[in-house]
Amino acid sequence: MSGWYGLVGAPTDVGNVDCGAAEGPGALRAMGLPRRMGMVDRGDVRGPAYDGRPDATGSRSVRETAAWCAAVRDGVAGVLADGGFPLMLGGDHAMALGSIAAAAAHARQEGRNFFVLWFDAHPDFNTPETTPSGNTHGYPAALACGIGHPDLLSVGAFTPLIRPDRLIQFGVRDIDAGERANLLRIGVEFHEMDAVREKGLEALVAHTIARIQAAGGGHVHVSFDIDALDPAAAPGVGTPVSGGLTPAETVGAMRLLGASGLVRSLDIVEFAPRHDRDGMTALTVEQVLAGFMAGRTGQRALVA
Ligand SMILES: [Mn+2]
């Protein structure tokens, strides 16, 4: 199990233009989070700004998203190759295509089953055919499963990057009609908020961990969109949706995931400091991360 965390910043919002997520990594560095949490800061990757021209499919920023995701892929792959635990700090959620491309390739190379656990208010399972907005941050989970824009699918060395029955989503509550049809057709397991309320997030995550262990374990990549949390605790996001996860249950679930020893890479995305209030989102992000890290080192997480 890798002992050090390698932070890879992706300061962009090309996937949801001008939503403010580009400012996320800088704001968390300014508050001293990487240093306080003992991370190795590998710096930011870089890519182009959106040129303002949607492509023929109606998607905004495909070219720019592909370039950014390729840079994220290479940054995350570098940490994995050096034996570290990559923490990709977005940036918008489109960047997860890059980190998942790196994690999937690493899992394949190491001969491990590959799973992705996706925490989000939105399933990010649109394609150019179904998207209402054209924003590429609505695409990455579908792309990981092998459906979507060919210029984005090519970010990965192979496709699909993940078997659809190995993608599990938690906390989704804002699902476009075409997106829901995609999820059902492809066969992704997604736990909407009513299921989370009924069964409990920690119980759902514990069940998922047990299922992965029963399948022989593997490499679990966690992709955490800050908007999975309720906006009352985490208002600093571009696309808030009410009725989300509480910090306490999220910290508990992340602690379980850390303690499972299965998670080998992590995204924290969509933090938009310009929408934060009194630093509360930044604090919640730190608590969620601290819960995960404490689980990994066998300590108890502090929940404020
Ligand atoms: Mn998302």
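How exposed is Asp74, in terms of relative accessible area? In this predicted model, Asp74 comes out as partly exposed, at 48%. The side chain of Asp74 meets that of Arg73 in a salt bridge, with an N to O distance of 3.0 Å. Arg73 is likewise partly exposed, with a relative accessible area of 24%.

Take Asp82 and Arg42, whose side chains meet at 2.9 Å, N to O. This one links distant parts of the chain: Asp82 sits in the loop between helix 3 (62-81) and strand 3, Arg42 sits in strand 2, and the two are 40 residues apart. Asp82 is partly exposed at 47% relative accessible area, and Arg42 is partly exposed too, at 37%. Arg63 and Glu64 make another salt bridge, at 3.2 Å from N to O. Here the two ends fall into separate classes: Arg63 counts as exposed at 53% relative accessibility, whereas Glu64 is buried at 2%. There is also a network of salt bridges, which links Arg29, Asp41, Asp44 and Arg46.

Strand 7 and strand 8 (residues 263-269) run parallel and share 6 bridges; Phe224 has Ile268 of strand 8 as its bridge partner.

A manganese ion is held by His93 through ND1 and by Asp120, Asp124 and Asp225 through OD atoms, at distances of 2.1 to 2.2 Å. Along the chain, these donors are spaced as H-x26-D-x3-D-x100-D. Asp120 belongs to the loop between strand 4 (114-119) and helix 5 (140-144), while Asp225 belongs to strand 7 (residues 219-225), so this pair ties together parts that lie 105 residues apart in sequence. Both Asp120 and Asp225 are buried.

Technical notes
Residues numbered from 1 in each chain as written. Predicted model: local features only at pLDDT ≥ 70, side-chain atom pairs only at ≥ 80, totals over all residues. Heavy atoms only, no water. Donors = N, O, S within 2.8 Å, 3.2 Å for Na, K, Ca; no water. Helix = DSSP H or I, 4+ residues; strand = E, 2+ residues; numbered from the N terminus. Buried < 20%, exposed > 50% of the residue type's maximum accessible area, 1.4 Å probe, protein only. Pairing = 2+ DSSP bridges. Salt bridge = Lys/Arg side-chain N within 4 Å of Asp/Glu carboxyl O.
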